[in-house]
Amino acid sequence: MASSSVTSSQFPRPQRPNLAFRQLRGQRSPGEFAAAVRRAAREIGERVCCDARYVGRVEAGEIRCPNYAYERVFLHMFPGRTLTDLGFAPRAEVRGRGARPADDAPSPRNKSRSHSSQGMRGETEGAYEPYDTQETYDMQDPRGGTGYVRGRRGTQHAYQNHEESDVQRRAFMTGGTAAVAAASLGPFALGGTSSAAGRPVHRAGTGEAGALEAAVRKIRLLDDRHGADGLYRRASAPLRAAYALLDAGTTRQTTADRLYAGAGELAISVGWLAHDSGRFDDARSHYAEALATARMSGDPGLEAHAFCNTAFLARDAGRPREAVRAAQAAQRVARPLGSPRLMSLLALREAGGWAGLADRTGCEQALARAHALFGRGTSEADPEWMSFYGEAELEGLEAQCWSTLGDWTRAARHARRAAGLQNPHFTRNIALYTAELADDLARGGRPDEAAAAGMRVLDLLDEVQSSRVQQMLAGTARVLLPHRRASGVSAFLERHAGVGRSA
């Protein structure tokens, strides 16, 4: 009979949470665990794009068996265990054909990627391309595979959207790396001990939701004044404590909504700490998790914020086209929110991407929109997180655009305005704008003025810890080396070198 050749893998299977894998993760957040996976991959010469979203999909049961690259990494991380011990299904069962012979098992030393791309691309495909705002979603292949099936609401696809399952919600919502910023939550004080993570936690209520919201504000305040480096390094222990709070759950939907929104904003805050301290892979993972949280909870404000930061990160990481796409996606989401200031900032994010593409016309058009929207003033709809965005930030971001385009004179003019306009509270931004000014002056052939601006930045480094500022200053020092005999340059170079040695 024709039907006798049909295997069970051709029919939909209910997803089962991978509890064994979740147990192996332990107290680490999905973002922390994803970083550990990437480190383990580098140790054996593999290259995987693991992020918090991938970890969530494994734990939710969407990925029943990893591809060969991930298999090698997981077996390296957990020696002596098999894929079955890690909670995965046998490969033969997933693929509907015979498994590899034992002597053909993947070797950690095998650098070949021939198996990594066969049949299992859906496990990581699209993990970093979440820019379609037309409600594109990912589902398990109803024929039994683990690849993505792309669909849109309102189309003829009749498959279940598994991202809306309770298991998936918990994987993204209550396990979010967002909670790392709870470093400043009352009982989970910044730099607190890991013992807090093991305390029994009662069901969360409005007090806990308020504490999460307060944590977001406090982490932003500390970053404004001191920069990201010290904060990010001290975040691990409070993160585990905050997870216990989120995992406790709540009995009221309104409280749950506040917790989820707070978790998403915390994810972005922690992503920014990673971003500003030069940990781009970690930042990308945090931002992706915030975006997943926003989409599943139907929060357009959070989604726009996540896209905004993703665009900024893409620009800094040398992916300008991605920066443009993310900024444009953010503008589509944010337009109905009614905040001209938010739309102005997003236009600046787009301008930064166009500058990276050396598209002067596109950059100028986006800058013109940003200024016009900024000129409409503030409104009740402006998000709380935009407190940093004023005229100084507008000037500073425009300076970066002109600098990227190589117009040093114009860049220096805007950077000088930015530093002069900045509220003294934002010490980190004053250092950033002044470092931008120093670099633009140095590259524009004004070494003496550049050295003076560089000295002002060095004066702030005792108070500000930002890898971004330090890297900019190091670049300026390299540009000034041939001008060491110019007035003030030698003193700046010597002092900068001393800072580098002490660091």
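**Exercise 1. Alanine 34 and its surroundings**

Task: Which residues does alanine 34 contact, leaving aside its neighbours within four places in sequence?

Solution: Set aside those neighbours, and alanine 34 is in contact with Cys50, Asp51, Ala52 and Val55. Contact here means heavy atoms within 4.5 Å. Alanine 34 is found in helix α2, residues 30-43. Helices (H or I, at least four residues) and strands (E, at least two) are DSSP runs, numbered from the N terminus. Alanine 34 has 0% relative accessibility, so it counts as buried. Buried means under 20% relative accessible area, exposed over 50%, and partly exposed in between, with a 1.4 Å probe and protein chains only. Last, take a distance. Valine 48 is 14 residues along the chain from alanine 34, and their C-alpha atoms are separated by 9.9 Å.

A note on the source: this is a predicted model, in which local features need pLDDT of at least 70 and side-chain atom pairs count only at pLDDT 80 or more, while totals for chains, interfaces and linings use all residues. Residues are numbered from 1 along each chain as its sequence is written, and side-chain values use heavy atoms, with hydrogens and water left out.

**Exercise 2. Confidence**

Task: Over which residues does pLDDT stay under 50, with 248 contacts beyond four places in sequence?

Solution: Start with the average. The protein averages a pLDDT of 74, and 67% of the residues score at least 70. pLDDT is the predictor's confidence in each residue, from 0 to 100. Over residues 1-12 the pLDDT is below 50, and this stretch has 15 contacts in the model beyond near neighbours in sequence. The stretch asked for is residues 96-198. Where pLDDT is low, the predicted coordinates should not be read in detail.

**Exercise 3. The overall build**

Task: How many helices and strands does the protein have?

Solution: Count 21 helices and two strands. Of the 503 residues in the protein, 55% are buried. Now look at contacts between residues at least 6 apart in sequence: 71% of them join residues at least 24 apart.

**Exercise 4. The largest nonpolar core**

Solution: A nonpolar core is a set of buried Ala, Val, Leu, Ile, Met, Phe, Trp, Tyr and Cys residues joined through side-chain atoms within 4.5 Å. The largest has 49 residues, and Leu345 and Tyr389 have the most contacts inside it. Helices that each supply at least two residues include α10 (253-276), α12 (300-316) and α14 (340-356). The answer is α14, with nine residues. Now take Tyr389. Beyond four places in sequence, it contacts Arg341, Ser344, Leu345, Leu348, Phe374 and Leu394. A second, separate core of 29 residues includes Tyr433, Leu437, Leu461 and Val489.

**Exercise 5. An aromatic pair**

Task: Why does the pair of tryptophan 272 and phenylalanine 312 tie together parts that are apart in sequence?

Solution: The whole structure holds 10 aromatic pairs. Rings of Phe, Tyr and Trp (its six-membered ring) pair if their centres lie within 6.5 Å; planes under 30 degrees apart count as stacked, over 60 as edge-to-face and the rest as tilted. The ring centres of tryptophan 272 and phenylalanine 312 are 5.9 Å apart and the planes are at 5°, so this pair is stacked. Tryptophan 272 lies in helix α10 and phenylalanine 312 in helix α12, so the pair joins parts 40 residues apart in sequence. Tryptophan 272 is buried, at 14% relative accessible area. Phenylalanine 312 is buried too, at 10%. Elsewhere, ring pairs link Phe21, Phe33, Tyr54, Tyr70, Phe74 and Phe88 into a cluster.

**Exercise 6. Helix α16**

Task: Why is α16 largely enclosed by the rest of the structure?

Solution: Count the buried residues. They are 12 of the 14 in α16, so the helix is largely enclosed. Among them are Leu394, Leu397, Cys401 and Trp402. Then find their partners. The buried residues of α16 pack against α12, α14, α15, α17 (408-421) and α18 (427-443). After α16 comes glycine 406, whose phi is positive, near 85°.

**Exercise 7. Proline 383**

Task: Is proline 383 buried or partly exposed?

Solution: Its relative accessibility is 22%, so proline 383 counts as partly exposed. Proline 383 sits in the loop between α15 (360-374) and α16 (391-404). Beyond four places in sequence, proline 383 contacts Ser339 and Leu342. Proline 383 and serine 339 are 44 residues apart in sequence, yet 8.0 Å apart C-alpha to C-alpha.
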